[in-house]
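Dear colleague,

I am passing on the structure that we spoke about, and below it you will find notes on what turned up. Please read them beside the model.

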Amino acid sequence: MKKKLSLLLALTLVLGGCSSQKAPVSQPPAPSGDPAVQASTPAAQEPVDLVFATMDVGTAIYTYSSAIANLLSDYLPAGSTVDLPTTSPGGLGAAYLTADGKSDLIILNDVGALESLRSGVLGQPAIGEGKVCGLVGSLDMPHVDVLVRNDFISKTGCESMEDLVAKKIPADFVIKQAGTMGELAFVQLVDALGTTEEEMLGWGCTITRTSTGNIKTAMQDGTADITVDHPPDNQANTVELTMNTPCTLWPLSENVRDYMEGKGWTKTVWAAGTSGFTGHDKDIETVSSSNVVVCRADLDEETAYQITKAICENKEALANTSSALKVFEPENAWITLKDILHPGAVRYYTEMGYMK
């Protein structure tokens, strides 16, 4: 008989009507003679059905989620499933989906996770304690990018966002929808530059919020000039875009970086050639924040333990899926989320000696 969790998730999927990818999970490996290995095998052999909400195909979050879902086949009981509906609103507000019981685990940004718990985001109240817990932090270090078509630069002579604002140069912006870290980066960038979207529209700019696929298409066909996002290295859509559309990455000014650091971002330098994006041929001063995995606070301890273990024990496999995950350090994966860690995650990090 399936657990109450399975019944709840089935109801969620029926009511949500979401399209998703379902990955069957096979029987975990038999325990070895090593007591440490025996202690970490699932105590309950009853299958679990997990909903792991993610973002659109082509986003880094979808790539990460799919890779983690595949890893779970060796860690969860036979007959378990992991469902991947593309219903996540993005790195800023995704914790609300988990807090509302519509996803058992989800990847979002550390700035968004902690802000949604403590203060609330996107006009919603703080989630508070007892609904969302952390599993794995600091998976990667995505950077804020201002990506500009080269023909726009040639046509206008514009060399920076400061230049665009000072000279009131019309430009067509295309960005992700509200709830994503890319949209938040754009909003804060505009604010840091001392202007508003209304003022920009007044001097002839357009600002379109849309899906990642539409952003790529608009930049490719020239109906957009500039996009602002928060991608990790080798994000598929941006790699494809820059391969056939000459673009330039604009750095953020020190004033903008100071402002965004005050909002929780980390000042970073995006080293030339590391993004995988064509045209990234010089170091870019910008800001960054990492993606993390969180779960429902009432997810059973053994399942939370096994998910944490699966991610932390497979760094190489994850890095082979996305080179952006090469920076992941399992021994430090608890630090960002230390105040909200799930007991199952605490057990894993303690057993490994990462936490004291």
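Helices (H or I, at least four residues) and strands (E, at least two) are DSSP runs, numbered from the N terminus. The model is a predicted one, in which local features need pLDDT of at least 70 and side-chain atom pairs count only at pLDDT 80 or more, while totals for chains, interfaces and linings use all residues. Residues are numbered from 1 along each chain as its sequence is written, and side-chain values use heavy atoms, with hydrogens and water left out.

As to confidence, the mean pLDDT (the predictor's confidence in each residue, from 0 to 100) is 87 for the chain, and 87% of its residues reach 70 or more. Over residues 1-44, however, pLDDT stays under 50.

The structure holds 3 cavities of 30 Å³ or more. A cavity is a set of points, on a 1 Å grid over the protein atoms alone, where a 1.4 Å probe fits but cannot get out, and its lining residues have an atom within 4 Å of a point; points are joined across faces, edges and corners, and the volume is the space filled by probe spheres set on them.

The largest cavity has a volume of about 160 Å³, and of the 16 residues that line it, M55, I61, K176, M181 and H230 are the closest to its centre. Both α3 (60-71) and α8 (181-192) supply at least two residues each to this lining.

The second largest cavity, with a volume of about 130 Å³, is lined by residues including D145, K176, T212, K216, D229, N237 and L241. Two or more of its lining residues come from each of β6 (145-149), α10 (212-221), β9 (226-229) and α11 (236-244).

Finally, α10 and α11 pack at an angle of about 10° with their axes (lines fitted to C-alpha atoms over the stretch in contact, with angles from 0 to 180 degrees between N-to-C directions) 10 Å apart. These two helices, α10 and α11, are therefore roughly parallel to each other, a term for angles under 35 degrees. In their contact (heavy atoms within 4.5 Å), T212, G213, K216, M219 and Q220 of α10 meet N237, E240, L241 and N244 of α11.

With best regards

Note on methods
1 Å grid on protein atoms, 1.4 Å probe; cavity = no way out; pocket = protein on both sides within 12 Å on 5 of 7 lines; lining within 4 Å. Parallel < 35°, antiparallel > 145°, perpendicular 65-115°, else oblique.
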